Amino acid sequence: MKALRNFLDKVKPSFEEGGKLHAFRSVFDGFETFLFVPNTVAKRGSHIHDCIDSKRAMSMVVIALIPALLFGMYNVGFQHYLVHGEEASFLATFFYGFLAVLPKIVVSYVVGLGIEFVAAQWKGEEIQEGFLVSGMLIPLIVPVECPLWILAVATAFAVIFAKEVFGGTGYNIFNVALITRAFLFFAYPSKMSGESVWISQDPICGLGSTNALVDGFTGATPLGQATATTQLTDAIGSGMSPMDMILGFYPGSIGETSVIAIGIGAIILLWTGIASWKIMFSVFAGGICTALLFNAIGANEVMNLPWYEHIFLGGFCFGAVFMATDPVTAPRTECGKYIYGFMIGFIAIVVRCLNPGYPEGMMLAILLMNVFAALIDYCFVQHNIKKRLNRVAINK
Amino acid sequence: MELFSKKNKETFLSPLWLNNPVAVQVLGICSALAVTSKLEPALVMGLSVTIIVAFANVVISLLRNTIPNRIRIIVQLVVVAALVTIVSQVLKAFAYDVSVQLSVYVGLIITNCILMGRLEAFAMTNKPWDSFLDGLGSGLGYALILVIVGFFRELLGSGTLLNFQIIPECLYDCGYMNNGLMVLPPMALIIVACVIWFQRAKNPDLQEKSN
């Protein structure tokens, strides 16, 4: 750490006004404040600050995402060997998944941060740190077979149109990672849904199995199957118990399958106080209530899915823990958070049940409620103002 | 009064870019979104509107001193409706496929805000030749935006232009895919926004003042 600090201090002068590399000052600034807490403090007046700044908060979210990421890598390898009917060691399985997922992380960060750096240089501002989390979220919410150039196009679209045009980090109305996914979903549907995108079937760099696929192979996600049958199966056609769904060894987007890995992330987020427990709790409450309601109606196969399967399958948990709680796009008022979360859970299940073509209701639900977050805040703030005004009038 | 005086040139040229009906006045957006998923209907729609607005301007300008003020909107509508019907019938007779693609939007030219705007704001107070140039400019300005939007939507959404394959087959073999979102209406909105963005960046005078 000390050597790093010394190095930074040594190269700092060339980035300052008049230095050789002055044009890249924002890049330098970005790295310096990413590595070390900045020394600049408020000069006058009293300010109550948390010791944690937004870069530290973002780093915590990235740490919270790591269990889901590691499990996702392992699961990619596991599914690969499973559908080829081959036993593989733990390391081979994990390493295969690592090779499949790593390019997506690299592409997402290079494209996203590249655009952020260019925009920051162009506007003469500091680099904003918001993409640290988005860049990690994006690879986790796409299918493993999503081509890299499509991922790059979608990331560029989301960063420019969902973030930079609104003014950068902290001003975006929509969750950037979800806009990436929505763009992919509508622009390249054949690469985002169906049966052939969720499992990586070919060997990567000589690693992996070249056996023929086993009998009974199905590449559809359990939620994709749910539109036709209540007998959900994993990739080789054996049935799934609720425990299997919690463990997460089934086809799906890279990071979304394991409830346990996401749960570890949720504990980290709640323990550090970065995510709001109110939103998380009410998303689950909304989802469970709606699922029970549709169970009572039971008009199609998805409506008959028990409430716990709705929660465990698909992106519900991932969305509730990492997407809905995004502090920028969620409401700020405490009561508003309950309504926001509940409506996300409600809409997610409604979309899943009523439109079999969109098994991923969670994405649409969160994006829709992002739009309403500011309105919810406005209503509660106005309500509070009114309440207090009334109190004043009575006391007079 | 010469035909191409400086003022007349200004009348004709300003709606093409600096006072563009779609990008600056934000009129006629609905049809700009609806008919631009392919370049061909966008072109035909742009031409139809140009012809109608130019000739409606001339007719109203000729009648401007005889139209009673209280019923002027009705008179304008009658003139526009007659022209729209003519264009619609011509399209059906000579370009049936395009007229099917455009469906109701040809008939809906009558409610296009650009028309009513030009008739009210310009033709009612100006001479026929000036009005003709103004209508032609406004129509072409509208057509320009439609063609830009249609160009990008067809090229990126279908890989064709005027139904000719533009993106080579070997790119598709390499894994390139058409962007399905381009064919859906939201992308038209985003492309229009990009045109506006580009225009405002080039002409800072057009930028709305922030408070």
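Student: Among the contacts in chain A with a separation of 6 or more, what percentage is accounted for by residues 24 or more positions apart?

Tutor: Please keep in mind throughout that this is a predicted model. The count concerns contacts in chain A whose partners have a separation of 6 or more. Within that set, the share that belongs to residues 24 or more positions apart is 71%.

Student: Why can chain A be called as compact as a globular protein of its length?

Tutor: Chain A holds 16 helices and zero strands, and its C-alpha trace spans about 70 × 65 × 35 Å along the principal axes. For 396 residues the globule rule gives 21 Å, and the radius of gyration of chain A is close to that value, so the chain is as compact as a globular protein of that length. The radius of gyration in question is 23 Å.

Student: Which element gives the most to the side of domain 1 of chain A that touches domain 2 of chain A?

Tutor: The domain assignment divides chain A into domain 1 (15-38 + 54-269) and domain 2 (275-396), with C-alpha centres 24 Å apart. Their contact takes 31 residues from domain 1 of chain A and 28 residues from domain 2 of chain A. On the domain 1 side, the elements that give two or more residues are α7, α9 (222-225), α10 (242-247) and α11 (259-271) of chain A. The element that gives the most, with five residues, is α11(A).

Student: How many residues on that side of domain 1 of chain A are charged?

Tutor: The residues of domain 1 of chain A that form the side touching domain 2 of chain A include 18 nonpolar and eleven polar ones. The number of charged residues there is two.

Student: Which helix of chain A gives the most to the side that touches chain B?

Tutor: The contact between the chains takes seven residues from chain A and seven residues from chain B. On the chain A side, three residues come from the helix that gives the most, spanning residues 176-187. The residues of this side divide into seven nonpolar, no polar and no charged. The helix asked for is α7 of chain A.

Student: Is A:S193 buried or exposed?

Tutor: A:S193 lies in the loop between α8 (189-192) and α9 of chain A. Its C-alpha is 9.0 Å from that of A:T221, at a distance of 28 residues in sequence. Since 20 C-beta neighbours lie inside 10 Å, A:S193 counts as buried.

Student: Which residues does A:M343 touch, leaving aside those up to four places away in sequence?

Tutor: A:M343 is found in helix α15 (residues 334-354) of chain A. With 19 other C-beta atoms within 10 Å, A:M343 is partly exposed. Not counting residues up to four places away in sequence, the residues it touches are A:G286 and A:M369.

Student: What is the radius of gyration of chain B?

Tutor: Chain B has eleven helices and two strands, in the order α-α-α-α-α-α-α-α-β-β-α-α-α along the sequence. The globule rule gives 17 Å for 211 residues, and chain B comes close to this, so it is as compact as a globular protein of that length. The radius of gyration of chain B is 19 Å.

Student: How do α3(B) and α4(B) divide into nonpolar, polar and charged residues where they are in contact, and what is the handedness of their crossing?

Tutor: Helix α3 (residues 39-63) and helix α4 (residues 72-94) of chain B pack at an angle of about 145°, with axes 9 Å apart. Among the residues that make the contact are B:F55 and B:V59 of α3(B) and B:V80 and B:L83 of α4(B). The residues of this contact divide into 13 nonpolar, two polar and no charged. The crossing is right-handed.

Student: What is phi of B:S103?

Tutor: Most residues other than glycine have a negative phi. B:S103 lies in the loop between α5 (96-102) and α6 (104-107) of chain B, and B:S103 is exposed, with 12 other C-beta atoms within 10 Å. Its phi is a positive value in a residue other than glycine, near 40°.

Student: Where in chain B does B:L162 lie?

Tutor: B:L162 has a positive phi near 50°. With 12 other C-beta atoms within 10 Å, B:L162 is exposed. Its place is the loop between β1 (160-161) and β2 (164-165) of chain B.

Notes: Residues are numbered from 1 along each chain as its sequence is written. Chains are lettered from A and ligands numbered from 1 in the order in which they are written. This is a predicted model: local features need pLDDT of at least 70, side-chain atom pairs count only at pLDDT 80 or more; totals for chains, interfaces and linings use all residues. Two residues are in contact if their C-beta atoms, placed from the backbone, lie within 7 Å. Helices (H or I, at least four residues) and strands (E, at least two) are DSSP runs, numbered from the N terminus. Ala, Val, Leu, Ile, Met, Phe, Trp, Tyr, Cys and Pro count as nonpolar, Asp, Glu, Lys and Arg as charged, and the others, Gly among them, as polar. Domain bounds come from an automatic or database domain assignment. The radius of gyration is taken over C-alpha atoms; the globule rule is 2.2 Å times the number of residues to the power 0.38. Axes are lines fitted to C-alpha atoms, for helices over the stretch in contact, and angles run from 0 to 180 degrees between N-to-C directions. A crossing is left-handed if the near helix is turned anticlockwise from the far one by less than a right angle, and right-handed if clockwise.
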